[in-house]
Amino acid sequence: MKVVLLVLLIGLCGSGALGEFLDSPRNGTDTDVWAAVEELRTVGEKPKVAFYAALSNAGHIGPFNTDIILKYEKVFTNVGQAYNRNTGYFTAPVSGAYYFQFTLAGYQAYDTGVVFLKNNMVFMYNVEWKRTFNLEYFTNSLILELQAGDTVGLRLPRGHSTFDNGNNHNTFSGSLLFTL
C-alpha cells in the first residue's frame, strides 16, 4: 500500500497536483491513505537548526582576572532556538553533525584568545598575541558530532580581551549539517 501511495505521490509531484491533493478535504477518503501520507510527510521532514550572532556593542571586553563565557547578545538568526543569548551556549536539539564558525577581533595591544568548549570541556584554544594597536581578527571553524543535549560555547580566557561594536567584529554561528 505504501509503495503504491509513494508512486502516486511521485507522479503527482510532476503534475503540480500534489499540493491540491494534500490540501483537499479528507471527507470520504480512506483513512489508511491519509495515515500513510502523514507518515511519509513526517519521515521527509528534517530538523532545521542554525544560528548567527554577534557579541555586543561594548567595545573592549576584558582582560579579566578570571575566564568568562562570551554571551553573543545580538542574535540575527536562531532557527530552532538552540542558541541561548543569556547563557552563551548552543544546545544540540538532535544528534547529528554540526558546523560551527567563530571570528574574534582584537584591538590595541591586548592579547586576544578564545576557548571553544564542548560540554564545558576544552575542545580548542586559539590566540592572537597582539603587539600592535591595529584591529586584528582570527577565524576558525569545525565540524563536530554532537548528541542531543550536548552544549558548545566560547570562553574568553583570563588575561585576554576582545573587541566588538556596531560593526559586529565578533561573530559565532552554527548549523546542523545532518542528523545521525
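Mentor: Welcome! In this predicted model, Ile143, Leu177, Phe178 and Leu180 make a nonpolar surface patch of about 430 Å².

Trainee: Why is Phe178 called partly exposed?

Mentor: The relative accessible area of Phe178 is 46%. Buried means under 20% and exposed means over 50%, with partly exposed in between. The 46% of Phe178 lies in between, so Phe178 is partly exposed. Patch residues need over 30%, and Phe178 with its 46% passes that cut-off too.

Trainee: Where is Phe178 placed?

Mentor: Phe178 is in strand S13, residues 171–179. Ser173 is found in strand S13 as well.

Trainee: What makes Ser173 buried?

Mentor: Ser173 has a relative accessible area of 17%. Buried means under 20%, so Ser173 with 17% is buried.

Trainee: Which residues is Ser173 in contact with, leaving aside its neighbours within four places in sequence?

Mentor: Those residues are Phe51, Tyr52, Tyr99, Phe100 and Gln101.

Trainee: Now the sheet. In what order do its five strands come?

Mentor: The order is S4-S1-S13-S7-S10, forming an open sheet with antiparallel pairing.

Trainee: Why are S4 and S10 called edge strands?

Mentor: Strand S4 (74–79) and strand S10 (136–146) each pair on one side only. Neighbouring strands of this sheet are turned by 10 degrees against each other on average, direction ignored.

Trainee: How do you know that S1 and S4 pair?

Mentor: Five bridges join strand S1 (residues 50–54) to S4. Pairing needs at least two bridges, so with five, S1 and S4 pair. They run antiparallel, and Ala50 stands opposite Val79 in S4.

Note on methods: Residues are numbered from 1 along each chain as its sequence is written. This is a predicted model: local features need pLDDT of at least 70, side-chain atom pairs count only at pLDDT 80 or more; totals for chains, interfaces and linings use all residues. Side-chain values use heavy atoms; hydrogens and water are left out. Patches are made of residues with over 30% relative accessible area and no salt bridge: like charges are joined within 9 Å, nonpolar side chains (Val, Leu, Ile, Met, Phe, Trp, Tyr) within 5 Å. Accessible areas come from the Shrake-Rupley method with a 1.4 Å probe; for residues, only the protein chains shown count as cover. A salt bridge is a side-chain nitrogen of Lys or Arg within 4 Å of a carboxyl oxygen of Asp or Glu. Helices (H or I, at least four residues) and strands (E, at least two) are DSSP runs, numbered from the N terminus. Buried means under 20% relative accessible area, exposed over 50%, partly exposed in between (1.4 Å probe, protein chains only). Contact means heavy atoms within 4.5 Å. Axes are lines fitted to C-alpha atoms, for helices over the stretch in contact, and angles run from 0 to 180 degrees between N-to-C directions.
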